[in-house]
Amino acid sequence: MQYCKTVTLRTRPIKNGMLSFYLDYYPGYRDIVTMKTTRHESLGIYIYADPQNKREKEFNEIMTEKAEAIRCRRFESVVNERYDFFDKSKMHGDFLDYFNRVLQGKDPKWKFVYEHFKFFVGGKCRCEEVDIDLCNNFRKYLLTAKNLRNGKPMFINSVAGYWSTFRGFINIAYRDKMIRTNPNDFLEKIPTVPVNKESLTLAELQKLYKTPCDIDVLKRGH
């Protein structure tokens, strides 16, 4: 992770004779999710480049004080090496969008878990909403959920696998500082049930075929 050392308040000219305040982070901060380096943050605060009267001068003083107050808060976070301002912006972020980015390249099961979670939250979820209660309610949902494609009940071992994958994702979200606390310490597993195998998988059959056998007829099954 790259830590910035200074936070400087600067302005840049915009149209209509105004200046726009922005913060300059040096040497910048690399977001561990997007891997993009943040150097500048626009504050959305503007002042007159050349104030012509008392009203415009007073306006500039008020806006400059607001911009400086933000700079001080950012710098305090930098000194404490906490980067709370990045965390706060993440807390209001789209948790589903983050989930969708994380699952790319993962096992296909992650996509199924994402679809169930998206259905569970009604297509909307902010990072700040993810807590123990929401996770436990998702666990309850999975225990009675049906396959989203065919509407059939899901086998308990599939449900347990989905829940385990979701808990793994929560660990990643906590590591990436997308959520403030890790609910996993307070979440229970979903137990699986033993499965009686009635036939060999293709991989098992291939392994068996390659196994040496002195009795050829036995190996060929004739």
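Predicted model: local features only at pLDDT ≥ 70, side-chain atom pairs only at ≥ 80, totals over all residues.
Author: Residues are numbered from 1 along each chain as its sequence is written, and side-chain values use heavy atoms, with hydrogens and water left out.

Reader: What makes up the chain, and in which order do the elements run?

Author: The chain has eight helices and three strands. From the N terminus on, the order is β-β-β-α-α-α-α-α-α-α-α. Helices (H or I, at least four residues) and strands (E, at least two) are DSSP runs, numbered from the N terminus.

Reader: Why is helix 3 called roughly antiparallel to helix 4?

Author: The axes of helix 3 (residues 95-102) and helix 4 (residues 109-120) cross at roughly 170° and come within 10 Å. That angle makes the two helices roughly antiparallel. The cut-offs are under 35 degrees for roughly parallel, over 145 for roughly antiparallel, 65 to 115 for roughly perpendicular, and oblique for the rest. Axes are lines fitted to C-alpha atoms, for helices over the stretch in contact, and angles run from 0 to 180 degrees between N-to-C directions.

Reader: Which residues of helix 3 and helix 4 meet?

Author: Helix 3 brings Phe95, Leu96, Phe99, Asn100 and Val102. Helix 4 brings Trp110, Lys111, Val113, Tyr114, Phe117 and Lys118. By class, this contact has eight nonpolar, one polar and two charged residues. Contact means heavy atoms within 4.5 Å. Ala, Val, Leu, Ile, Met, Phe, Trp, Tyr, Cys and Pro count as nonpolar, Asp, Glu, Lys and Arg as charged, and the others, Gly among them, as polar.

Reader: What makes helix 4 and helix 6 roughly perpendicular?

Author: Their axes cross at roughly 85° and come within 9 Å, with helix 6 spanning residues 156-175. The two helices are therefore roughly perpendicular to each other. Helix 4 makes the contact through Lys109, Trp110, Phe112, Val113, His116 and Phe117, and helix 6 through Gly161, Tyr162, Thr165, Phe166, Phe169 and Ile172.

Reader: How do you know that the buried residues of helix 3 line one face?

Author: Phe95, Leu96, Tyr98, Phe99 and Val102 are buried in helix 3. Seen down the helix axis, they fall within an arc of 160°, so they line one face. The arc is that of the directions from the helix axis to the C-beta atoms. Their cover includes helix 4 and helix 6.

Reader: What makes the pairing of Arg74 with Glu41 a polar contact?

Author: The two side chains are 2.8 Å apart at that contact. A polar contact is a pair of N or O atoms within 3.5 Å; within protein, one must be able to donate a hydrogen and the other to accept it, and residues adjacent in sequence count only if both atoms are side-chain atoms.

Methods
Buried < 20%, exposed > 50% of the residue type's maximum accessible area, 1.4 Å probe, protein only.
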